[in-house]
Amino acid sequence: MESCRGVRTAVIVGAGVAGLTAATALARGGWQVEIVEIGPPEATAGWGLCLTGPSLRALDGLGLADTCLAEGYGMSTITHVDVGGEPAGEVRPPRLLGARRPAMVGIARPVLHRILRTEAERSGVVVRHGVTVAAVDQEGELVRMRLSDGVVRRVALVVGADGIRSSTRRLLGLGASLDFHGQMVWRALVPRPPWATGIHQFAGKTDTAGLVPLSAGQAYVFLTENGAERSVLPDADLAPRLRRLLEPFPGQVEEIRSLVSASAWVVRRPVRTALLEGAWNRGSGVVIGDAAHAPAPQMASGAALAIEDGLVLAQELERYESVGAGLQAFVRRRAQRCRALVETSVAIIGLEQARRHHEAYPLVDSCHRLMAEPA
Ligand SMILES: Cc1cc2nc3c(=O)[nH]c(=O)nc-3n(C[C@H](O)[C@H](O)[C@H](O)COP(=O)(O)OP(=O)(O)OC[C@H]3O[C@@H](n4cnc5c(N)ncnc54)[C@H](O)[C@@H]3O)c2cc1C
């Protein structure tokens, strides 16, 4: 793949949410795009995601919001329940696709990835699995990339979309802070109870729990465990341990706890955040998505930022003759918004750990309103 006058070539590292959406947006703008993905095909873990209004708006920009709404579960309310099991308020996030479409969608990760990947390949993107990037060197206007399978590419653009522990970020020499916040998050796939038509979030004496519908038949339970060790538990311990953590919650959580017994899918992950300290780009290489700014899951907006990054990157590169100028414009447009979201998610962690849940609700609300501003 050689870049020459008139042919714009890009290698994207990582076929996650950011990489696939950037690939589609660039390919539709006339770029020849190859994605190198370290993992095997169909490796996406089976829990779900809540895609908020900004995610849906960005997906709509690619013509994919209605597919996600059809394959997921549209919702428009977040119900907060206090430690006593009493309702503590309802948040109605702005409906960014208009009054006739829901504000958010819950969707299984493998379903979202299938939708994004199908569209990328339809747009001409080539995805290669089991491959990563070994070296990146700027050579004039092009970047020389050595890949792990020995292939060498000279391309006009390199995009690191390889997640929170990005190798591309390191190879480009970009410095990020990566923090663990003393919380572990749990997810379990369960049958959807009929009353779960929106997101429910339950404040506990120590932890926070909730439920997000994913389809007519499925939902996922989440629990944020405070003061947790960053450890890996045997798979067989996960469901019993999650059930124990749900025991102190009253009311509807009792029903949810019984559903976890039947769940074959329980995952536990550390709550980590990442934020680039300085530039997001060096020469014609740039990082996007979690590689540049990974918020904690509390705002359910990491995927929104990742999808927006893909769209805005393609838009800004379209506006400028040189890749370097386009990348600088992209970072100018994105940096403040992404920093605000990561910092708010960290502030919410602090309030949860101090059990000041009531102060977290307005913060979540105002941050959703900020994110409703154009990307
Ligand atoms: C438990 C949990 C729950 C979450 N819930 C939500 C939610 O409800 N809503 C929401 O919007 N966000 C949520 N998020 C955040 C969201 O998942 C991320 O922000 C989003 O996935 C970022 O997308 P990405 O493409 O940047 O990174 P990733 O999704 O991490 O994708 C990176 C891709 O790069 C590949 N890769 C990694 N290293 C290499 C390499 N060296 N070479 C090649 N390929 C590589 C990986 O295999 C992967 O395919 C949650 C996060 C967690 C941890």
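Two strands are taken to pair if DSSP finds at least two bridges between them. Helices (H or I, at least four residues) and strands (E, at least two) are DSSP runs, numbered from the N terminus. The structure is a predicted model, in which local features need pLDDT of at least 70 and side-chain atom pairs count only at pLDDT 80 or more, while totals for chains, interfaces and linings use all residues. Residues are numbered from 1 along each chain as its sequence is written.

An open sheet of 6 strands has mixed pairing and the order S8-S2-S1-S12-S19-S18. Its edges are strand S8 (126–129) and strand S18 (281–282), each with a single partner strand, so one side of each is left without a neighbour in the sheet. Strand S12 (residues 157–160) runs parallel to strand S19 (residues 285–287), and 3 bridges join them. Valine 158 has glycine 285 in S19 as its bridge partner.

A further open sheet contains 8 strands, again with mixed pairing, in the order S6-S5-S14-S15-S16-S13-S17-S20. Here strand S6 (87–91) and strand S20 (293–294) stand at the edges; each has a single partner strand, so one side of each is left without a neighbour in the sheet. The pairing of strand S15 (residues 208–213) with strand S16 (residues 218–226) is antiparallel and extends over 6 bridges. Glycine 210 is bridged to phenylalanine 222 in S16.

The domain assignment of the protein chain, where bounds come from an automatic or database domain assignment, gives domain 1 (9–73 + 103–177 + 272–372) and domain 2 (182–270). Taken over C-alpha atoms, the centres of domain 1 and domain 2 are separated by 27 Å. Contact (C-beta atoms, placed from the backbone, within 7 Å) involves 16 residues of domain 1 and 17 residues of domain 2. On the side of domain 1 that touches domain 2, the elements giving two or more residues are S3, strand S7 (104–108) and H9. By class, this side of domain 1 has 8 nonpolar, 6 polar and 2 charged residues. In this classification Ala, Val, Leu, Ile, Met, Phe, Trp, Tyr, Cys and Pro count as nonpolar, Asp, Glu, Lys and Arg as charged, and the others, Gly among them, as polar.

Helix H9 (residues 323–353) has 31 residues and reaches 44 Å from its first C-alpha to its last, close to the 45 Å expected at 1.5 Å a residue. The expected span is 1.5 Å times one less than the number of residues. H9 has a kink of about 35 degrees centred on arginine 334, the bend being the angle between axes fitted to the seven residues ending at a residue and the seven starting there. Arginine 355, which follows H9, has a positive phi near 55 degrees.

Around the ligand there are 33 residues, of which Gly14, Gly16, Gly163, Gly289 and Gly302 come nearest; a residue is near a molecule if its C-beta atom, placed from the backbone, lies within 6 Å of it. Elements giving two or more residues to this shell are helix H1 (17–28), strand S2 (32–37), strand S3 (48–51), strand S13 (176–191) and helix H8 (302–319). H8 gives the most, with 4 residues. The shell around the ligand has 17 nonpolar, 11 polar and 5 charged residues, and draws at least three residues from each of domain 1 and domain 2.

Technical notes: Two residues are in contact if their C-beta atoms, placed from the backbone, lie within 7 Å.
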